[in-house]
Amino acid sequence: MRDYMTSINRKSVLLSRPYHAMATSFEDREEVIQKILAAWIGDADRLPLSPLLIGEPGIGKNRIVYECAKICGKPLFIFQGHEDVTAEDLMCAVRFSDDPERKMDYIVQPLVSAMIQGGICFIDEIGKIRGRALAPLASLLDERRYIDSNLLGERIFAHPGFRFIAATNTTDLDANALPDFIRSRICPAIRVEYPDREHLNRVIRSRFPILKKNSVKLVEHFWTLWQDKHGDLPPSPRDSIYIFGYALNLADRDAAGDDHANHLDICGISNDLQPRHLESAFETFFQTDKRRPEWPTHP
Amino acid sequence: MAHAPIKVCRHGSELLAVPAFHYHHLFAVEINRICRQQETRPAAVAVELGAQTVQAVKAWLKELGQGPGCQKKLPVMIGLLKPNNMIRASYRQKAIELQQKTGQKLSQIPLSVLHRELGFSNSSLLCLSPTDSIIEAIRCAVELDIPVFGIDLEEMACGIYQNPAMIQHPPGEAEDLRAFINRNAAFAAHLRDEEIDTRREIAMTARLKALMRDFPRVVFTCGLAHWSHIQRHLDDSSIKPALITDMQSHKGNGFKRVIVHPCIAVEYMAYFPALTKKYEKLRRPAYEENQGNILPDLSPAYILQSLLKKAYHSFFINNSKKDHHRFDTAQDLQAQRQFEGYLQNLCLLRHRIVPDIPMIVTAAEETMSNAFVQTLTKTLMAFPWVTPLRLKGLPIVASSPRDQDGSLCSVSEENNPASQGIDCYIYSSPGNRRFTSQIDYTWEEMKNKADKPAGKIDYHLYTWSPWDYLITAMSLHAIRYAKRKQYKQTTDVFAGNVFEGIDIKASLREYSRGKETIYVRDSIKKNVCDGSLNEGGFPVVWILKPGKHPGAEFHPLSAKCDGMEKYARNRMHFNANVSSKSDRMVAIVGYGDLNIATKASEIAPSIRSDRYYGALIYHPLCWTLRQFTIWAEVTDFHRNPYCHENRLLNCSLLEAIMMEKHGKSIKDYDWSTVLMFLAIPYAKTNLTVIAPHDYQIDPMVFKRAKQFGIDVGFFPLSGFPQERLERIAINHMVPVSSHDPECIYPNYVEKALGEGQTDNREFVSERVLNFGAGLKNQRESYF
């Protein structure tokens, strides 16, 4: 815990911990990564920009940020946005101390931790945060590069190595446009599109090397099933990974036989994924779509 | 720039090679220099194209007035389209399986399936770009009147070119071109498509060897990626000289001459069109010996700087005079530095000295306002593009509206550039670049030429009632199930955050029950459906295909008010409103391609078919004239725009609405956002948007909607069957036998369209169909 303690003007504060992404292979997306890195290049004369990633859920925005942090070799601090975030939540919180000699502990949030350590602060789902809660970012993301915390009673300046990035789902921006003072500071606004078919095939193959034997056939079958259900609407990487993951679980269950079918530790015992497993996975995953009101064939 | 070209000597003959970045002006300049100088002037020219293709290019260049003693500029952008029948050899098994699976021969399987499954493209396109070294080499050969040989294979499958290596972009004039080639040829070789290029390189080498046997000096240009392999093969004695058929008199039949749309053409020009313009201006013909170096005047960085200056001037100076642009201008002034810095950094990461148009426009889109992006695009794309009028009505190749991966193009009919055209999958030769139009640019010259044919006056045609029924029913369905973000008030026990204040009532209530609990108020945005909404949910905006559609335009459709007067409940009030608001009630604003060729319009030329990419509907369309009158009255003439008919023809009405209600111009926003802006002032409490699920509504729409007190609801297109969506995208405007009280259509219209007049009526509820029945004194019951 001591490693995560620092002091701001002689006030001891606890830092948030950086996130270390799981090491999985990452496919393509060079163009978006280049754009983010281009935005982050900067110095005292030319401030680094703070990009905003916009895209559908499950499309890989977070993975892109993890990859960028890895490339830069900087600690990544993630703040999860939601509707109840207040301005102070972005900066600092207080809790009863575990240390008998202290009454309270200040805990600086991921944003401030990144500012102090010269890391990357990633605000996920920024579109869900109310406009007024984002007010502290105004002074941080322009040439002032500081924020004022009422709770700490301090002005905190950002380390020169500090970088900022945010992401939002397209639909959140639809309903809750970012206020102008933030919009003008968070730029470039980079759109993350659905990956193409080839890219997605590579994602599936690299994520599930167990499919090696008949991966081409299974991936083709996946596309046939997807197109039957959704037409030209592309799947997101998350959809694809979940479907294959679930289909593999079904295959494991089949392989385990009736006696062990309910055990949760049978994962990975089978590498015999069959098209029928994929079909069952599709069946289960897209049952929920039936809730959508159908276009009437007749009033 | 090196003044000693790459030289390979064999048996007393010398080969002067220019391995090039396709379409990059530095290499075209180098070819031109070699051909112009007496000491390097070649006896023959060889290029990385098929023999027939080269002869087709040569024949066309001669027809365009290129030749010995003629100094003419090349029209830009022209191209040669050639049919392709080749599929990659490695897809043989897959092709067999596909035929087994579908039970059809390859020739019977739809092109889209062949393209998706086997990467097949049925045409290849060669752009005659003046800044390409290959085109420059052929041009020089024509000017010097020396033989030119295409030494590549004539037909090949579409190559797959990955981008694994980062290659430094060619240097400026100060650096040694030879050193650049030596440094980057190995990296470029990684871009090759092993399966296809290996055969090509062996064929090219064998033919080069034959040419070196016959001519004392040969100039050769090919892609940089092939050079290291060709160089190796030249030393390989097992590759013997090939037999070269004399094709010099071949006219190049089997090729289709086309004009390439500017949005595609920019991909095949060096950096930006202004550079090509300058190149053509400074270029000296090959027969004119001249030692002058034109490169210092062809500095892309300098040209870009002046283009940016021009764009800033026209945007900031001109817009600052217009009130409605002040907001954008102020924001862009702040963002200008960010835009330039971002662009500079992108160049740094992509190993480029100067960015090209797609890079500049994308960076601007991500940092600046739409209005600035449009000004910038217009400035960068300013160029004397060749039009069909100048070239005997040649067809135009443009990106197809149905394109998904940058290879589906449409080729318009000859002498009819405005026609919808035939879709075909195209790969570019050489290089196989994509055809995706990355920039939103309207080709003004063509827009004016592609006017509707004279004699077809829109307001004598009516919408087809099955279409009216269908789009009305689908709109009402969407209104009912559209998700609207609404604030819902909630009360919660105080847990450290007072949110929107203490809920005194709830706290007191608890206190009176003996509990000292403090409650706080909060409002949370929730996605809710309002199933009770019906006509009140209009206007409805349909975004069927978002994105750029070159040539598409807005098209308002309206009802004539003079026929409505007799149904008015209060004629005086009606006349007072109509005369003050004009004589036409706008019902629909469509956005799309007008007058497209369909089977129906072929059978009955009086039918006009429009393809809509989006539409705005102000009210249900399936009504009679009486019901339209009632709608106008019960909504107090506030739910539709009214105007004089002459304002409908040139869209000045739409511009006026935008300016009057929003202080913006139509050109300031994307067309789909414009449709929403046109809807907001005429909504009562709700606006419904139906669009693809990943469509992002411009935040400005929400801002304006909030100011008008309007809720914006969203319904995804995927909520409807695809065939219904395809049906509503085509609006047939048809003649009628009578239109009062409702449209009755002649029988031939039914036959031509293959639909009955009352088809789709069953989708609309009786309540909507009977709108206004016995309404006399029930004004409030509707809204």
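This is a predicted model: local features need pLDDT of at least 70, side-chain atom pairs count only at pLDDT 80 or more; totals for chains, interfaces and linings use all residues.

Is Asp694(B) buried, partly exposed or exposed?

1. Asp694(B) is partly exposed, because its relative accessible area is 27%. Here buried means under 20% relative accessible area, exposed means over 50%, and partly exposed lies in between, with a 1.4 Å probe and protein chains only. The residue sits in the loop of chain B between β20 (686–691) and α24 (699–708). Helices (H or I, at least four residues) and strands (E, at least two) are DSSP runs, numbered from the N terminus.

2. Residues are numbered from 1 along each chain as its sequence is written, chains are lettered from A and ligands numbered from 1 in the order in which they are written, and side-chain values use heavy atoms, with hydrogens and water left out.

3. Asp694(B) also has partners in the other chain. Leaving aside residues up to four places away in sequence, Asp694(B) touches Glu56(A), Thr170(A), Arg191(A) and Tyr194(A), a contact being heavy atoms within 4.5 Å. Within chain B, Asp694(B) and Leu717(B) are separated by 23 residues in sequence and by 10.0 Å in space, C-alpha to C-alpha.

4. Chain A contains eleven helices and eleven strands. Of its 299 residues, 50% count as buried. Where contacts in chain A join residues at least 6 apart in sequence, 71% of them link residues at least 24 apart. The accessible surface of chain A is about 14,900 Å², and carbon and sulfur atoms hold 50% of it; accessible areas come from the Shrake-Rupley method with a 1.4 Å probe, and for residues only the protein chains shown count as cover.

5. Chain B contains 28 helices and 22 strands. It has 783 residues, of which 58% are buried. Among its contacts with a separation of 6 or more, 79% are between residues 24 or more positions apart. Its accessible surface comes to about 33,200 Å², with 51% belonging to carbon and sulfur atoms.

6. Asp105(A) is buried, because its relative accessible area is 4%, whereas Arg102(A) is partly exposed at 27%. Another joins Lys128(A) and Glu125(A) at 3.2 Å, N to O. Lys128(A) is partly exposed at 25% relative accessibility, and Glu125(A) is buried at 16%.

7. In chain B, the side chains of Lys7(B) and Glu14(B) form a salt bridge at 3.7 Å, N to O. Lys7(B) is partly exposed at 44% relative accessibility, while Glu14(B) is buried at 16%.

8. How many of the eleven residues of helix α13 (residues 357–367) of chain B are buried? Ten are, so the helix is largely enclosed by the rest of the structure. Among the buried residues of α13(B) are Ile357(B), Pro358(B), Met359(B) and Glu366(B).

9. Lys73(B), Lys277(B), Lys278(B), Lys281(B) and Lys310(B) form a positive surface patch. Patches are made of residues with over 30% relative accessible area and no salt bridge; like charges are joined within 9 Å, and nonpolar side chains (Val, Leu, Ile, Met, Phe, Trp, Tyr) within 5 Å. Lys and Arg count as positive and Asp and Glu as negative, with His and the chain ends not counted; the place of a charge is NZ of Lys, CZ of Arg, CG of Asp or CD of Glu. Helix α10 (residues 273–282) of chain B gives the most to this patch, with three residues. Lys73(B) lies in the loop between α2 (51–63) and β4 (78–83) and is exposed at 55% relative accessible area.

10. A nonpolar surface patch of about 690 Å² is made by Phe494(B), Val498(B), Ile502(B), Ile504(B), Leu508(B), Tyr511(B) and Ile518(B). Of these residues, Val498(B) belongs to the loop between β13 (483–493) and α17 (504–512) of chain B. Val498(B) is partly exposed, because its relative accessible area is 43%.

How values were computed: A salt bridge is a side-chain nitrogen of Lys or Arg within 4 Å of a carboxyl oxygen of Asp or Glu.
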